[in-house]
Amino acid sequence: MAKLFRPRVWFFFVAIACAAMVGYALYVQHVDFLDPCPLCVFQRMAFMWIGAVSLLAAIHNPGEVGRWVYGLLLALGSIAGIAIAGRHVWLQNLPPEMVPDCGMGLNYMLETMPFGQVLSEVFYGSGECAEISWMFLGLSMPAWTLLWYTGFTVVTIAVLIVAHNRKV
């Protein structure tokens with residue numbers, strides 16, 4: 001277990017975990033036919049960012065300053081993911097009368113609106129984002145992603161602090 005908390009091993013683990021989560025999301029979409037809402041798509045993008053940064057960090061295996069730079073980039077992706085997943089969980093827990101109406105699909109919005117307006121529409125949410133169609137151990141998929149983003153951030157900071165104190 002102690003080896004997992006070495007920076008290079010940790011970054012590689014995060015890259016594998018992100019690839020597995022995006023892979024599972026694609027499986028659920030294409031095999032179980034559970035179409036993702038716009039907030040789900042943005043959460044996937046956050047996992048792709050975190051996974052790519054982590055893979056680069058694992059391959060590069062930089063010194064202490066580089067590890068902190070990669071850690072900061074990972075944390076930025078995680079914080080974005082926390083914001084997106086947090087909004088999604090909030091929408092899912094609204095009373096039914098407060099749920100926003102269903103809106104346009106993400107592809108349509110990207111084709112017809114400026115990107116800033118697309119972000120605004122996506123974060124406002126829609127009725128499809130409030131639906132809970134997948135649960136595991138009593139938590140929806142966005143709740144699980146929220147936990148993963150938070151865990152990645154907290155453990156990455158801990159790993160980097162321990163490595164700094166050990167001068168690994």
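Serine 78 is buried, with a relative accessible area of 0%; here, buried means under 20% relative accessible area, exposed means over 50%, and partly exposed is anything in between, using a 1.4 Å probe on protein chains only. Serine 78 sits in helix α3, where helices (H or I, at least four residues) and strands (E, at least two) are DSSP runs numbered from the N terminus. Setting aside neighbours within four places in sequence, serine 78 is in contact with Ile50, Tyr149, Phe152 and Thr153, contact being heavy atoms within 4.5 Å.

A quick word on where these values come from. This is a predicted model, so local features need pLDDT of at least 70 and side-chain atom pairs count only at pLDDT 80 or more, while totals for chains, interfaces and linings use all residues. Residues are numbered from 1 along each chain as its sequence is written, and side-chain values use heavy atoms, with hydrogens and water left out. The predictor's confidence in each residue is its pLDDT, from 0 to 100. For the protein chain the mean pLDDT is 83, and 76% of its residues reach 70 or more. Confidence is highest in helix α1 (residues 7-30), at a mean of 93, and lowest in helix α6 (residues 127-130), at 62.

Next comes helix α7, which covers residues 141-166 and includes glycine 151. Its 26 residues should span 38 Å at 1.5 Å a residue, and the end C-alpha atoms are 37 Å apart, which agrees; the expected span is 1.5 Å times one less than the number of residues. Among the buried residues of α7 are Pro142, Ala143, Tyr149, Phe152, Thr153 and Leu160. The buried residues of this helix pack against α1, α2 (38-60), α3 (64-92) and β2 (139-140). Glycine 151, on the other hand, is partly exposed, with a relative accessible area of 29%. Glycine 151 and serine 78 are 73 residues apart in sequence, yet their C-alpha atoms are 9.0 Å apart in space.

Now for the rings. A search of the whole structure turns up six aromatic pairs. Rings of Phe, Tyr and Trp (its six-membered ring) pair if their centres lie within 6.5 Å, with planes under 30 degrees apart counted as stacked, over 60 as edge-to-face and the rest as tilted. Phenylalanine 47 counts as buried at 5% relative accessibility, and phenylalanine 152 counts as buried at 1%. Phenylalanine 152 also pairs with tryptophan 148: the ring centres are 5.5 Å apart and the planes are at 55°, so this pair is tilted. Both of these residues lie in helix α7, four residues apart, or about one turn of the helix. Tryptophan 148 is partly exposed, at 33% relative accessibility. Phe47, Trp148, Tyr149 and Phe152 form one aromatic cluster.

Finally, the cysteines. Cysteine 18 is buried, with a relative accessible area of 2%, whereas cysteine 40 counts as partly exposed at 22%. With a disulfide taken as a pair of cysteine sulfur atoms within 2.5 Å, the count comes to zero.
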